[in-house]
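Reader: I would like a close look at the aromatic side chains of this model and the charges placed over their rings. Please give the criteria along with the values.

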Amino acid sequence: LQSNGCCIGPGFAEESIEPEEETIIKIAGNSYLVSPNLPDFHSCSPGWSSAFYGAECFDSEVHSYMKNLGKQKSSESQNIDAKKVELEQLLMMETKNYRKTIKFYQKLLQKERSNKGPETKSMLPKLRGQLEEMKSKVQFLELVKKYVQASQTQIVYAEQWGVESCVLPTVIHSGRTDTMNVAYSPTDESSLLLYYNTEKHQCNNQNGIRVLQAGTPLGLMAYLYSRNAFLEGYVQQFLYTFRYFCTQEEFLQFLLDRISSTLSSASLDPSTSLAKICNRSFYILQAWIEDCYSVDFATNTNLLYTLKEFISSKVVPLNGYGEHLLSMLEDASARKSGSAHQWSSMEKCEEEGEGDRKTLHSLCKKLSEDISRKNFSWKLSKGMGPIAQYQRERLYTISSVLPKPCYNGFTEEFPVSFAKADEVGPYLLIEYSVQQLCCQLTLLQQEVFNKCHPVHFLNSRALGVKDKCVAVQKAVSTETVSLKVCNLFLSKCTQDQYLLQLLRNADSISTWIAAEIVTCHTSKLQVSLLSKFLLIAKCCYEQRNFATAMQILAGLENLIVRQLPAWKILPTKVAEIMEELKAVEVFLKSDSLCLMEGERFKTLPTIPSAHVLAMHVQQLETGGFTMTNGAHKWTKLRNIAKVVSQVHAFQENPYTYTPDFKLQSYLRQRITHFQDADISALAADNCANFHQIPAEKHSRKIQDTLRRMKATFQ
């Protein structure tokens, strides 16, 4: 049962869309086709779950439940509003019962722990089983709710314009002015696309279904127009991976040629193939802008100008969709310009709009916390306590005199007024608790992570990212990285290099941690800092902030830090955390989708390790992308899209800790201060980093040596 999705399964278009008359609207003497309710212009981006789950986003059980929902009598027709009302009532009732049962279960647990009431021991297993059933039912209803909500998006309307596979050659030849360096001689589908048969999907009322295996660049782009391409996840997977076989300019030209050649014919007969090709082109273009504006259009001004010029001159005079696309481009550009405030406003909207979902997630978390921890292959401590409760009243600290930060990243320059953090040194780290530091480091990491896109993790080998502890050398600037080595994208394809900034930030944090430790002037302070960082790392990975946990591990595994005498006097329980962190690292490297297993990623925030994820993608990129006949392996591209889609999945569920701007200011300054530090040079200036022989013991050794030498001469 797959949840957390916003796409819908195959066959839904036939089940949920009422037979409505197509609407022809006339503006300035020109008529054009508009889908029912189209003026609302909802989002039509399929979302990460479409790329991750594909055609299995919703199973047959959801389909059958959806058919019967909202019907009072078997003879009544389906109505989406009736389905929604009934579903909301059922979900509210089941959630209420689930909450009451959890409270009753907690009371029984307290009685059992206090040895009151021997009958509670026999009741607890039965009640636990009932809770699991109720939890599954609530989650299933939430999944059906997503299914119903999907019926009100433009994804369904986009599927109205899908064509059968036999019409795909017509899609190719509807725009003969393509500039792609691909021959147009093949006209049959078999020369464009390769399929294999499967019996898996029975919910389509078919004995079998053809699954796309490979295709030429033109064939893969033409498949975007096929029936159920949105619903089966192909469109989202294509938007993540098309750069392996065509450039952004070629893809845009492909869409514009289809629109240009069919725009005048679309208003004549909505049922014709040309009308479907024209309208599907608009939806594909909208999905591309919604999902990939930051990585394709924002970084390529020529591409953006070409699109705006075409819409203004060709589309707007004939079709009302042109104004909508121009408005989308303006909004996306404004969001990109105001990226400094984008995350904070989005987080507020999510907190307000997803209150019910947060409540359900908190209920699920209460029951499954202990059980779900067993999904990990290492032992987790339960003694850290609720991390979010640290914001209770605390003592006045020196950090309160620090000014509020006014910058966005770790690597930006700081004004002179921020120099006080260097005077404070590492002592402020000792003053704050583990939970406080864990929370604020997590928020800082989240700020950087939420600016990345799944496409950023593709073709990372060409950016110089390697399988080393330090993935990117700090001395190499972003602009000087050579793209000629191991470049899997087409040579003219523009690639956003934000991944390098993400990895350099991670490297800066690791260097800062090592520098803080080696600059401590006493062994006692070093032990305190080592313990503090180990406990922070443990707290981070238990809160699923694997990025910061791995950054701390990299800092502690620095060759100079590992040789410090302080490790020998570190408490045993604290020293064992180092082995736990190494076990976490092995776990993260074991499987590219290990963080997407189970139910935890759906209810708990997660920040993956950027370097580990990039290495997983590199492993999937190993090997050829084409078959012997020149067709590109879509199964390979689909697997890559599935792995990188988890970036958007994790970004949907943010951490909601209360930010401590003073502490964040201090941490940012310390990280920036040490980001280019030479750890060996810093360690050489500190005698606490060397093994010291006690003076009395040393003098006794000299005296004993002199006695032995004197005895030899006698």
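Author: The charged end of Arg 562 lies over the ring of Trp 567, at 4.4 Å from its centre; a charge sits over a ring if NZ of Lys or CZ of Arg is within 6 Å of the ring centre and within 35 degrees of the ring normal. This is a predicted model, in which local features need pLDDT of at least 70 and side-chain atom pairs count only at pLDDT 80 or more, while totals for chains, interfaces and linings use all residues. Residues are numbered from 1 along each chain as its sequence is written, and side-chain values use heavy atoms, with hydrogens and water left out.

Arg 210 is placed over the face of Tyr 195, 3.9 Å from the ring centre. Rings of Phe, Tyr and Trp (its six-membered ring) pair if their centres lie within 6.5 Å, and planes under 30 degrees apart count as stacked, over 60 as edge-to-face and the rest as tilted. The count by this rule is 20 aromatic pairs. Tyr 195 and Tyr 223 form a tilted pair, with 6.3 Å between centres and 55 degrees between planes. Tyr 195 is buried, at 18% relative accessible area, and Tyr 223 also counts as buried, at 10%; buried means under 20% relative accessible area (1.4 Å probe, protein chains only). The rings of Phe 238 and Phe 242 are stacked because their centres are 5.6 Å apart and their planes at 15 degrees. Phe 238 and Phe 242 are buried. Ring pairs join these four residues into a cluster whose members also include Tyr 234, Phe 245, Trp 288 and Trp 634.

Definitions and conventions
Buried < 20%, exposed > 50% of the residue type's maximum accessible area, 1.4 Å probe, protein only.
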